[in-house]
Amino acid sequence: MPPVQVKGEVLSLKPVGDYYAMTVVASGIAEQTRPGQFVAVAVSGDNGAMLLRRAFSIHQVADRGVYGGTVEFVFAVHGKGTAWLASRRPHDPIDVVGPLGKPFKLPAQPANCVLVGGGYGAAPLFMLSEALRRRGCRVDFVLGAANADRLFGALDAKRMAASVAFTTDDGSYGEQGVVSDVLPEVIERTRADVVYACGPMAMLAAVHQVAADSYNGQGIPTQLAVEESMACGVGVCMTCVLPVIGDDGETRMSRSCIDGPVFAGDRIRWDALGTVPSDALGAAAMVAH
Amino acid sequence: MADVTIRTSADATPPADVDMTVDLAGFEAIDPVFTASGCAAAGRELAAFNDLRAIGGVVTKSIQLAPRSGRPTPRMAETPSGMLNSIGLQGPGIDSFLDNDLPWLADNGVCAVVSIAGSSVDDYAKLTTRLRGQPVSAIEVNISCPNVEDRGQVFACDANASAAVISAVRRNTPTGVPVFAKLSPDVTDIVEIARSCVDAGAHGLSLINTTLGISIDTTTLRPILAGVTGGLSGPAIRPMALRCVWQVHAALPDVPLMGIGGIRTGADALEFIAAGASGVQVGTVIFNDPTAPQRISRELRVALAERGIDRLRDAIGIAHRPPQIAVPEDADPPGDELADPPPLPRTVHFEEASS
C-alpha cells in the first residue's frame, strides 16, 4: 500500500516530560504502519508561511476503535513549526502524510535484541519492541537523554523489556553518561544478537561502533533510524541525503526518507557524514560546478 | 482569440466542461498544470498522490550527461513562504534516466518534459542527441548552470551564452519536439534574454527558475546552507515570477510561456494564465502538499468555470487586455431600463408607514 495524505484531526496533545505526544485521527495510515516508519506533518495551515513538512517517527498506532485509525508521534518544540504544533487543540485539523520510509528489519528467527533510544528518538522503539516480542525475541532497552525530563518512555520500557538501562548526561536519572557507555555491558549480559537504535547521528555513530567492537571485534549487526532534516518526506526534494553504501558496494547520496530512515549501520559512511565522499557516485562531476 | 465576457462568481457553472487543453508550441497538452523541474524527481514518487496522466505532465529533474552526487548537507533552509535549496543537481545521469525513469513515465502514460542541464554548450548538444527517438513531449533547457568554458558564468545571465545553448539544442532536437528555455530572474532585463533565446530557436520559454538567496543561522552565525547560497522558491517569489511572465508576454505575445513561481492554488495558477502563460508548473508546493499538481488543476478548472470561461486558451494573457465590465448573463431584467425616460422626475407623495 502506498503512503496516503490524510486531512485528519487532532485527537489529543499531551505533554510528556519536555516533549509533546500528539495523537491524530488519520485513517489509512495506522492500518499499514510498521515500526520505524514516520509521518510528515504540515504546519501553519493551508495558507501558512511555513511550507515544509515536519517528519516524526510514529510512536503508536491504533488501527480501529471509535475514531477509526489513530497515529501518535512525539515532538520537542525546537522552532516555529513545532511551536505551532504544540498550540493545536483537540479537533483542530491537521494534514498528515504517511506511513513513510523503510521500517526496521526484524530477525527471521528469535534473537536477543537491544533497543537504544536517545531522547524522544526512543519513540519508534516501543512498536518495534512489540513486534520483536511477538516473534519470540528477547528485548532489552537502553534509554538515554540529557536529563530525566528528556528521557522518553521509561515506564513503557520497564513494562516491555527484560531489562532497562538508563543514562542521563547530568546523572538526574540512571547512570551519569551516555548510552554507548553502558551498551557494551548490556550486549554482553544479554548475549545480544542485534542492536536497534534511533536518535541523534552522533549517538548512532557511537552505538554502531560499540556493536561493531562487541564479542572481541566479531561485532553484531545494527539497524539504525536516522534523523536527517527533510523538506518533503516523500522522496522528491533531495535534501535529506547521507552517504550510504549500496548492495553493489558503491556509495550514493541516499535519501533518508525513501531509502531510510532505517539503515543497516554497516552501510552508512560514518567517515563522511555531512560531506560527499570523493568516491561517491557522481562526486567527480561536482568538480565542474 | 475569442472575446470573453467575464461573469461574476455568483453565476458559477459546473466545471465539468471547461476545455483545459493547451498548445505548447505543437505539444498539445490535455491540461496546463505540470510539475516543476527539481520538485518531482522523475515523477514516480508522486504517483502515490496524483494521477499524473490527468495533468499536463512531469517536468523531470534536470538530467546531465554523467551521474552527479549533489552537494553536501544542509541543502535546504525554510524561509518565510518559501525555501532555499542548494541540491547541486543530484541525479543519475542520462544513461540511467533513459534506462529507468523515462520508460516508467512512458509505460504509465505520463507526458514527459525532459529538463536538461550541462556545464558547456557541447553538454547540451549531446544530451539533446540522446533524446532522439525517446518518448519526450518537450525539452526544457535549464540554462541556470555555470558555464565551465566561461569562468563559471551562468548561461542564463548572458544573452549570447543563452542563445549559444539554445542553438546547439535546436540543431539536435528531434523533429516535432518543442524546446523551452527556462530563464533565471536574476538578470537586469529578462525580455532581452527571452528574445535572444527565441531568436536562437526556442519554441517557448519557462519563467522562472529560482532566485539566489542566503539564510544565516543566528545561533552559529554561519550560513545555513553548506553551499552558502541557494535558490529561493515558493509563494515568496510569486509576484516576481508573475512580473517576468507579464513582461515577456507583453514583448513576445506569440511565444508560449510556462509560468512558474510559488503557485499554491488554482487561483495562483490563473494569475499566471491571465498574465500570459499558456501552462504553469508547480514546484515547492509539492513539498507542502504532494497532491498539489492534481488539486491545482482541479481548482483552476473550477476558477475558470466560475468566471464563465469555458476554454483555458481564452484566458491566456487576458489581463493585458482593456478592463471588461462584468455583465450579468441576462442583461435586461424587466424594469431595469425605461424605454421612455420621462423628462422630469415624477412627484412622489409620502404617507406615514403603517405598522
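Helices and strands here are DSSP runs, numbered from the N terminus. With that settled, some notes on this predicted model.

1. Start with the cis prolines. In chain A, the peptide bond from Gly260(A) to Pro261(A) is cis, with omega near 10°. Pro261(A) sits in the loop that runs between β14 (251-255) and β15 (262-264) of chain A. Chain B has a cis bond to look at as well: Thr73(B) to Pro74(B), with omega near -5°. Pro74(B) belongs to the loop between β4 (57-59) and β5 of chain B.

2. Next, positive phi. Most residues other than glycine have a negative phi, and most peptide bonds are trans. Asn216(A), not a glycine, has phi near 55°. You'll find Asn216(A) in the loop between α5 (201-213) and β12 (222-225) of chain A.

3. Ser81(B) is in the loop between β5 and β6 of chain B.

4. On to the interface. Contacts between the chains involve 38 residues of chain B and 32 residues of chain A. On the chain B side, β5 (76-79), β6 (82-85) and α7 (285-288) each supply at least two residues. By class, that side of chain B has 19 nonpolar, 14 polar and five charged residues.

5. Now a helix pair in chain A. The axes of α4 (residues 179-190) and α5 of chain A come within 9 Å and cross at roughly 25°. The two helices are therefore roughly parallel to each other, since angles under 35 degrees get that label. The crossing of α4(A) and α5(A) is right-handed. From α4(A), the contact uses Val179(A), Ser180(A), Leu183(A) and Pro184(A), which meet Met203(A), Ala206(A), Val207(A) and Val210(A) of α5(A). Sorted by class, the contact has seven nonpolar residues, one polar and no charged.

6. Chain B has a helix pair to inspect too. α2 (residues 121-130) and α3 (residues 159-172) of chain B have axes that come within 8 Å and cross at roughly 25°, which makes α2(B) roughly parallel to α3(B). Their crossing is right-handed. On the α2(B) side the contact is made by Val121(B), Tyr124(B), Ala125(B), Thr128(B) and Thr129(B), and on the α3(B) side by Ala164(B), Val165(B), Ala168(B), Val169(B), Arg171(B) and Asn172(B). Here the classes come out as seven nonpolar, three polar and one charged.

7. Last, a loop residue in chain B. Ile263(B) is in the loop between β17 (257-260) and α6 (266-275) of chain B. Ile263(B) is buried, because 30 other C-beta atoms lie within 10 Å and the cut-off for buried is 20 or more. Which residues does Ile263(B) touch, not counting those up to four places away in sequence? They are Asp268(B), Ala269(B), Phe272(B), Val280(B), Val282(B), Val285(B) and Ile296(B). Ile296(B) is 33 residues from Ile263(B) along the chain, with 8.6 Å between their C-alpha atoms.

Definitions and conventions
Residues are numbered from 1 along each chain as its sequence is written. Chains are lettered from A and ligands numbered from 1 in the order in which they are written. This is a predicted model: local features need pLDDT of at least 70, side-chain atom pairs count only at pLDDT 80 or more; totals for chains, interfaces and linings use all residues. Two residues are in contact if their C-beta atoms, placed from the backbone, lie within 7 Å. Helices (H or I, at least four residues) and strands (E, at least two) are DSSP runs, numbered from the N terminus. Ala, Val, Leu, Ile, Met, Phe, Trp, Tyr, Cys and Pro count as nonpolar, Asp, Glu, Lys and Arg as charged, and the others, Gly among them, as polar. Axes are lines fitted to C-alpha atoms, for helices over the stretch in contact, and angles run from 0 to 180 degrees between N-to-C directions. Angles under 35 degrees count as roughly parallel, over 145 as roughly antiparallel, 65 to 115 as roughly perpendicular and the rest as oblique. A crossing is left-handed if the near helix is turned anticlockwise from the far one by less than a right angle, and right-handed if clockwise. A residue is buried if 20 or more other C-beta atoms lie within 10 Å of its own, exposed if 12 or fewer, and partly exposed in between; C-beta atoms are placed from the backbone.
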